[in-house]
Amino acid sequence: MHAKAAALSGSKANHSTIARGAIFCEWQAQTLASRGSVSFMLILAIDTALDACAAAILDTRTSKLIAHESMPMKRGHAEALMPLLGRVMAGSGIAFADLDRIAVTTGPGSFTGLRVGLSAARGIGLAASKPVVGITTLTAYAAPVVSENMDAPVIAAIDARHDHVYFQVVSGNGTSLVRPGVIPIHEALEAAQFGAPYLVGNAAEILAARWPSDAPAPLRVDMQPAPEISWVAWLGAAVNPETALARPYYLRAPDAKPQSSLMQQAALAAS
Amino acid sequence: MTTDQPMLVLGIETTCDETAAAVIERQPDGSGKILSNIVHSQISDHAPYGGVVPEIAARAHIDLLDGIIGRAMKDADVNFAQLSGVAAAAGPGLIGGVIVGLTTAKAIAMVHDTPLVAVNHLEAHALTPRLTTSLAFPYCLFLVSGGHTQIVAVLGVGHYVRLGTTVDDAMGEAFDKVAKMLGLPYPGGPQVERAASGGDPKRFAFPRPMLGRPDANFSLSGLKTAVRNEASRLIPLEEQDIADLCASFQAAALESTADRLSVGLRLFEAQFGPPHALVAAGGVASNQAIRGALQAVAAKAQTTLIIPPPALCTDNGAMIAWAGAERLALGLTDTMEAPPRARWLLDADAKAPAGHSKSRAAY
């Protein structure tokens with residue numbers, strides 16, 4: 001099983017995912033061991049990468065969300081986010097100058113959606129001179145389950161359409177089993193070899209429906225349209241700003257092919 | 001916003017393949033000064049594809065924009081709290097890029113409670129000459145770029161009447177497509193102009209679209225097809241063939257442009273009296289051959305030709321900042337609800353020419 005796990009992990013680690021793996025380990029060390037070990041901070045968290053538009057302000061000293069709002073939506077994040085952010089800030093009574101950090105989901109998810117949140121977070125960071133940290137949606141989905149200190153593996157899967165999922169597997173203690181990538185669903189199902197998992201992410205039910213009948217059944221299938229914004233905030237407090245960069249995490253190249261001129265086409269036709 | 005104080009305005013432009021930011025200062029007397037103007041062209045990112053790829057453009061905008069804004073602020077020696085306004089091009093354009101620019105602008109505006117101005121990119125082109133010269137309304141604008149070919153009566157800030165438009169391709173688009181079919185490097189417009197300078201404009205008798213029509217509309221798609229047919233017939237193309245094709249194409253486009261603009265100026269005068277100037281703006285306005293043709297048109301119509309310097313003709317942040325300042329001076333600001341817009345008519349009442357309700361002229 002270990003050899004297969006390594007093969008699964010290795011063969012799919014074809015994106016620049018090493019830094020993200022490091023983030024996850026650092027987070028689980030810091031956050032899982034004790035939330036109290038996170039230094040006291042006021043964090044503004046933003047998520048528009050998937051089917052919600054959400055923002056929250058977390059005070060790690062009191063472990064309370066001072067203000068938060070999450071609106072389910074498939075489209076329209078660009079129109080909705082800044083008014084929502086205005087309401088959250090007004091409701092919190094916190095000024096931008098009082099924030100210690102801004103955390104934002106970086107994807108994988110809707111390319112346009114994740115850029116909405118990143119634009120807002122980076123714009124605020126620039127104008128208010130605050131650090132901005134990035135959290136992947138896969139990490140944010142997995143975090144609540146990993147934090148329960150379970151032994152079972154946690155599979156985070158996000159619908160990438162065309163029978164593919166954005167996909168990551170971590171063990172119950174948060175160490176990486178399969179690095180983030182975009183893979184066909186039938187390949188994702190190979191993760192059944194790690195034992196009965198927790199399935200999280202907006203594609204959790206897609207995987208559950210096709211789960212191999214001869215494999216241990218998932219312990220829980222938790223399908224949320226978007227990560228919990230509170231977890232984006234908590235993760236944002238825990239990560240290192242030097243490594244958890246607020247940059248898009250697409251996992252997919254743009255769909256574009258180089259084009260040829262009439263002359264090149266003629267040359268091709270003649271050859 | 002009162003107008004008795006100088007205003008400092010940040011402008012952000014991300015509607016196509018330039019990531020740009022600038023800070024301008026507007027004096028109470030209406031004069032303006034560019035304090036910084038940073039433009040990052042993504043040309044090399046799109047060159048392998050022979051045109052702007054929207055997703056690649058959007059990715060570059062999000063990667064670069066905050067750094068470019070930071071540089072523009074530093075170059076201007078202005079901090080965010082000092083700004084009188086934050087302006088962003090909210091369209092029309094490639095929506096992925098517009099979203100990045102507008103959302104960033106909203107975020108900056110929200111942090112210091114600075115007024116936001118959601119600028120129409122076309123309005124920014126229209127108002128640019130007032131940044132560099134003292135020009136009163138009304139004037140006639142020829143907006144000519146890779147995305148637009150319009151003749152517009154500029155009657156005041158926010159007050160525009162479209163007198164003519166292309167019913168198919170934009171001028172810059174036609175130049176780019178001709179370059180592409182002839183295997184010239186991207187971006188093709190300047191390459192066509194360069195090749196044309198060594199070519200025979202009379203070798204090919206390409207059609208002069210719309211010549212003599214009473215309206216002021218353009219059509220470039222048929223001309224482009226005529227070039228394609230001729231080029232296909234000549235394959236394999238020698239260098240001189242390419243030069244002659246480019247020269248003959250450009251001559252046809254210029255003759256058509258001169259005719260369309262003359263009609264546009266007549267329509268302008270009939271409705272609004274003589275214009276204070278004929279203004280050209282947009283990327284194609286930096287084409288020297290077109291500048292020459294416009295000079296002749298303006299002279300014939302007994303009006304002044306104003307073409308902003310090339311750096312202000314192509315997309316830039318200063319024009320957005322300036323349009324933002326002009327709107328701000330009139331108290332025209334926008335809310336956090338301001339939507340990013342892929343389509344946004346400068347003249348909200350403009351109707352597509354008869355028979356072209358489904359063409360780009362309809363928006």
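Start in chain B and select helix α7, residues 188–196. Of its 9 residues, 7 are buried, so the helix is largely enclosed by the rest of the structure. Buried here means under 20% relative accessible area, exposed means over 50%, and partly exposed lies in between (1.4 Å probe, protein chains only). Helices (H or I, at least four residues) and strands (E, at least two) are DSSP runs, numbered from the N terminus.

This is a predicted model, in which local features need pLDDT of at least 70, side-chain atom pairs count only at pLDDT 80 or more, and totals for chains, interfaces and linings use all residues. Residues are numbered from 1 along each chain as its sequence is written, chains are lettered from A and ligands numbered from 1 in the order in which they are written, and side-chain values use heavy atoms, with hydrogens and water left out.

Stay on α7(B). Colour its buried residues: B:Gly188, B:Gly189, B:Gln191, B:Val192, B:Glu193, B:Ala195 and B:Ala196. What do they pack against? Show α6 (171–181), α9 and α10 of chain B; these are the packing partners. A contact means heavy atoms within 4.5 Å.

Next, select B:Ile235 and B:Pro236. The peptide bond between them is cis, with omega near 5°. B:Pro236 sits in the loop that runs between α8 (221–234) and α9 (239–272) of chain B.

Move on to B:Gln302. Its phi is positive, near 55°, and the residue is not a glycine. Look for B:Gln302 in the loop between α10 (288–300) and β10 (305–306) of chain B. Is the side of interest here buried or exposed? B:Gln302 is exposed, with a relative accessible area of 76%.

Now switch to chain A. Select A:Gly107 and A:Pro108. Their peptide bond is cis, with omega near 0°. A:Pro108 belongs to the loop between β4 (101–105) and α4 (111–128) of chain A.

Go to A:Ser129. Here too a non-glycine residue has a positive phi, about 55°. A:Ser129 lies in the loop between α4 and β5 (132–135) of chain A. A:Ser129 is exposed, at 63% relative accessible area.

Among contacts in chain A with a separation of 6 or more, 63% join residues 24 or more positions apart.
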